[in-house]
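Some notes on this model follow, as numbered points. Please read them with the structure open.

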Amino acid sequence: MGDVPLRRRLEILADAARYDASCASSGAQRRGTREGLGNTTRIGICHSYTPDGRCVSLLKLLLTNHCIYDCQYCVNRVTSDVERASFTAAEVAWLTTEFYRRNYIEGLFLSSGVVRSADHTMEQLVAVARALRTEHQFRGYIHLKAVPGASPEMLAEAGRWADRLSANIELPTATDLARLAPGKTFPVIESAMREIATRREEAVEAQRESRRAPVFAPAGQSTQMIVGATPASDAVILQTAARLYTTHGLRRVYYSAYSPTPHADARLPPEPPPLVREHRLYQGDWLFRSYGFSIDEIVPPEAPQLDLEVDPKLAWALRNRQHFPVDVNRAPREMLLRVPGLGVRNVQRILQARRHRAITLADLARLRCAMERVRPFVLTEDHNPATRALDRVDLRARVTRGVQLDLFAPRVTAT
Ligand code: SF4
């Protein structure tokens with residue numbers, strides 16, 4: 001380790017970390033103090049795009065890319081011949097504060113290969129966060145990897161210093177995991193999630209009684225699922241995500257398109273899945289979490305793959321035309337949320353505005369609704385689409401015209 005210059009190790013371990021997508025920071029509540037560095041209360045820090053389209057930066061590193069596991073989809077597996085490197089905890093703490101002082105980053109996302117044991121690895125990760133908080137007075141965002149199999153005591157320490165923890169579920173099914181990641185199991189991974197969820201609930205409860213009570217991972221927990229490494233359908237992927245949200249109170253499930261690695265196992269596909277699949281999964285996930293759709297509505301049993309050409313809400317509307325047109329001036333919130341092109345914020349604005357006056361198409365356009373998608377599916381004060389129009393065989397082509405560029409939009413939305 002000592003022979004490889006720090007700069008080279010930074011290149012290796014920053015590159016190795018880019019495969020982990022389970023990283024975002026909305027909801028962090030760590031306040032800045034006069035003597036501390038950083039503040040996560042005013043800005044949601046994330047390694048890529050926030051829901052409002054802002055890009056914020058984290059120093060995203062692996063503590064080491066040595067690993068005792070042999071997960072076939074991972075470039076850092078023990079049988080891979082990549083160049084190896086490691087940092088000490090003190091080096092990562094120093095790098096983080098130096099990058100922060102130069103204004104390059106707003107926080108740290110730290111993951112690691114597993115060395116010696118889960119507890120040993122977790123202890124190293126915790127040492128970085130503890131040093132940042134106690135020695136460097138760092139108040140910026142910290143996201144730590146929770147190593148499945150680590151003891152409850154180590155996870156408790158991790159949640160004491162980090163804003164967010166993430167134990168990766170890795171693959172959509174237990175069978176996929178058994179085939180491609182020997183040594184890893186859903187029960188062990190989910191036991192880490194359960195431990196984090198329980199400690200968070202206890203901390204929130206204690207905070208209700210006294211604001212001086214210690215926080216525990218205030219930005220919650222997330223996970224990552226690799227997509228396209230196995231034949232699991234989008235329905236299976238979203239069902240697993242829904243179960244994790246419901247059972248362990250996850251803030252986010254991140255979907256990461258499988259990226260082929262050199263000398264990969266023959267059971268893995270030679271090509272990555274289309275990136276748009278990842279995008280559609282995020283949209284489906286969004287419909288489940290914020291729009292009241294069930295997974296069976298998003299990916300019905302007879303069509304378990306998401307339509308790559310149109311967003312899942314539009315796909316649902318095209319399959320369920322009998323529910324339209326929706327009267328924008330009378331329909332309940334749940335039904336307005338199902339109209340293609342109407343987002344949560346727009347629905348809120350419509351509900352407020354219609355208390356005072358009847359909504360017209362021009363009002364919807366002023367709200368910047370996606371009118372190509374909205375128009376065929378709504379009834380307004382001045383617009384009553386013939387229900388026959390909803391039966392047209394070319395409706396899909398008509399509403400998707402001009403919408404295709406949405407595939408390349410940087411933000412994940414499900415309007
Ligand atoms: S445990 Fe993590 S780093 Fe190690 S091989 Fe598996 S996915 Fe890669």
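1. Helix α4 meets helix α6 through P152, L155, A156 and G159, which contact A192, E195, I196 and R199 in α6. Sorted by class, this contact holds 5 nonpolar, 1 polar and 2 charged residues. Note that the model is a predicted one.

2. What is the geometry of this pair? Two packed helices are described by the angle between their axes and the distance between the axes. Here α4 covers residues 152–161 and α6 covers residues 186–209; their axes come within 10 Å and cross at roughly 55°. α4 is therefore oblique to α6. The crossing in which α4 passes α6 is right-handed.

3. α7 passes α8 in a right-handed crossing.

4. Which residues make the contact between α7 and α8? From α7 come D234, I237, L238, A241, A242 and Y245, and from α8 come L281, G284, D285, F288 and R289. By class, the contact has 7 nonpolar, 1 polar and 3 charged residues.

5. Is E271 buried or exposed? E271 counts as exposed because it has 8 C-beta neighbours inside 10 Å, and a residue with 12 or fewer is classed that way. Between the C-alpha atoms of E271 and T261, which are 10 residues apart along the chain, the separation is 9.9 Å.

6. Which residues surround the ligand? The shell consists of C67, Y69, C71, C74, N76, R77, G113 and V114. By class, this shell has 5 nonpolar, 2 polar and 1 charged residues. Anyone inspecting the site can start with the cysteines C67, C71 and C74, which are among the residues around the ligand.

7. For the protein as a whole, the model has 16 helices and 8 strands. Of its 415 residues, 44% count as buried. Taking contacts between residues at least 6 apart in sequence, 70% join residues at least 24 apart.

Definitions and conventions: Residues are numbered from 1 along each chain as its sequence is written. This is a predicted model: local features need pLDDT of at least 70, side-chain atom pairs count only at pLDDT 80 or more; totals for chains, interfaces and linings use all residues. A residue is near a molecule or strand if its C-beta atom, placed from the backbone, lies within 6 Å of it. Ala, Val, Leu, Ile, Met, Phe, Trp, Tyr, Cys and Pro count as nonpolar, Asp, Glu, Lys and Arg as charged, and the others, Gly among them, as polar. Helices (H or I, at least four residues) and strands (E, at least two) are DSSP runs, numbered from the N terminus. A residue is buried if 20 or more other C-beta atoms lie within 10 Å of its own, exposed if 12 or fewer, and partly exposed in between; C-beta atoms are placed from the backbone. Two residues are in contact if their C-beta atoms, placed from the backbone, lie within 7 Å. Axes are lines fitted to C-alpha atoms, for helices over the stretch in contact, and angles run from 0 to 180 degrees between N-to-C directions. Angles under 35 degrees count as roughly parallel, over 145 as roughly antiparallel, 65 to 115 as roughly perpendicular and the rest as oblique. A crossing is left-handed if the near helix is turned anticlockwise from the far one by less than a right angle, and right-handed if clockwise.
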